[in-house]
Amino acid sequence: MTFTALASYSTAVRRPIEPVGPYFLAHATRTIKGHSWSEFEKIEAEKNVVTVEAKDSDEDLFDESIDDEELLNHDPRDWKSCDLYAALGLSKLRVKATPEQIVKAHRRAVLQHHPDKKSSAGGSLTQDGFFKIIQKAYETLMDPIKRRQFDSVDEFANISPPSTKPADEDFYAAWGPVFLNEARFSNKQPVPTLGDASSSKEEVEAFYKFWNNFDSWRTFEWLDEDVPDDSANRDHKRYIEKKNNNSRKKKKTEDNKRLSDLVKRAQSEDPRIKAFKEAEKEEKARKKWEREAGARKAAEDAKAKAEAEAKAKADAEAAAKAEKENAKKAKEAAKAAKKKNKRAIRAAAKDNEYFGDADKSASIDADIDLLIESFDDVKLGDVAGKLKGVSADAAKAVLSQVAAEQTAAGKVSSLSYFN
């Protein structure tokens, strides 16, 4: 066989190459940290011991042994009614068990209950019935679909709500595990937890809103009546399938109602709901009081204003009345003073015997009356004042001067005596 080149070689390209891989990393680690081979192997061995211990740490989660007589003697033909988790020693983990833990638990159960081991220990051949249940449990729990069907009706995993209303401080301890257990059926994740007394109103409302609209994946196929495999009687097969379908719907409806009633009961007993309602009630009362206080203040202000206006009006009326009365009194006093002054002026002549001219009394009185009529109030008072307590001559002189002034002013003209 001959070799024939189909093309020429490409041009060589220089590329950087770096060492990689676990052996190089081990070499680099020893070199950087200055460990010898023995020191390095000792450190790695200690790491491996920790890893192995971590992998075996879930041994405490398995049942110590499967020795429940009722479980061991369970009829393998009725294996579907058996507690499959307990059959593998996983009654502590149940739905939380991982596939790796199921495999490990199955291995432990097989080593303990294999028929060959039982027979070598003196057991009867009839004791292999439980081993069949172990196998069925393993097949079921390793199949995601069948496991979900079994988990849907796993009554051994259920946590019942408290039989009586718990005290406020015990409410969370009593109801928290119930909701945590029901959360395994939720299609929506994560599921909000119940919380505690310090939870806010928004958190509590969001919690109950989630549970009042709970979306459950729970199904009830596990409880179906077995459908015959043969096709000899198709009508009977359809009848069984229809019966199973109706039964599932009924159980689903009943479960939804059960969960709805459970949520309503928890909500009615939740001390936080009561506290929120009390707070809302107090807030409404406070706002109402503030509104009413505002209305009261407005009414009080209106009343005070009305009273002030009424008082001002009354004061104004009283002042006007007093002013009117004072004016009246002043008018009357002025009138009286005027009369008095007139009498004083008239008496000035009479009391002085008409200045020695008694025969001219009529003429003097007439002139004095004309003078008095020509006086204004000020002049009248001034003249009366000048005539008070003076002699006859002085009185005559005052009247003569006044007569001359009034005549000169044109306020009086024909005076027979004083002109």
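Reader: In which helix does asparagine 181 lie?

Author: Helices are DSSP runs of H or I with at least four residues, strands are runs of E with at least two, and both are numbered from the N terminus. Asparagine 181 lies in helix H9. This is a predicted model, in which local features need pLDDT of at least 70 and side-chain atom pairs count only at pLDDT 80 or more, while totals for chains, interfaces and linings use all residues. Residues are numbered from 1 along each chain as its sequence is written, and side-chain values use heavy atoms, with hydrogens and water left out.

Reader: How many helices and strands does the protein chain have?

Author: The protein chain has 15 helices and zero strands.

Reader: Is asparagine 181 buried or exposed?

Author: Buried means under 20% relative accessible area, exposed means over 50%, and partly exposed lies in between (1.4 Å probe, protein chains only). Asparagine 181 counts as buried because its relative accessibility is 10%. Of the 419 residues of the protein chain, 27% count as buried.

Reader: Which residues does asparagine 181 touch, not counting residues up to four places away in sequence?

Author: A contact means heavy atoms within 4.5 Å. With residues up to four places away in sequence not counted, asparagine 181 touches Ala157, Asn158 and Ile159. For the protein chain, among contacts between residues at least 6 apart in sequence, 68% join residues at least 24 apart.

Reader: What does alanine 87 touch, not counting residues up to four places away in sequence?

Author: Alanine 87 lies in helix H4 (residues 84-87), and it counts as buried because its relative accessible area is 0%. Apart from residues up to four places away in sequence, it touches Ile66, Leu71, Ala109, Phe130, Ile133, Ile134 and Ala137. Alanine 87 and leucine 71 are 16 residues apart along the chain, and their C-alpha atoms are separated by 7.3 Å.

Reader: How many aromatic pairs does a search of the whole structure find?

Author: Rings of Phe, Tyr and Trp (its six-membered ring) pair if their centres lie within 6.5 Å; planes under 30 degrees apart count as stacked, over 60 as edge-to-face and the rest as tilted. The search of the whole structure finds 14 aromatic pairs. One of them joins phenylalanine 171 and tryptophan 175, a tilted pair at 6.4 Å centre to centre with 35° between the planes. Both residues lie in helix H9 (residues 171-182), four residues apart, about one turn of the helix, and both are buried. Phenylalanine 210 and phenylalanine 214 form an edge-to-face pair, 6.1 Å centre to centre and 75° between the planes. Phenylalanine 210 counts as buried because its relative accessibility is 17%; phenylalanine 214 does so at 16%.

Reader: Which residues form one aromatic cluster?

Author: Phe171, Tyr172, Trp175, Phe179, Phe207, Tyr208, Phe210, Trp211 and Phe214 form one aromatic cluster.

Reader: Where does the charged end of arginine 148 sit?

Author: A charge sits over a ring if NZ of Lys or CZ of Arg is within 6 Å of the ring centre and within 35 degrees of the ring normal. The charged end of arginine 148 sits over the ring of tryptophan 217, 4.0 Å from its centre. The charged end of lysine 80 sits over the ring of tryptophan 222, at 4.9 Å from the ring centre.
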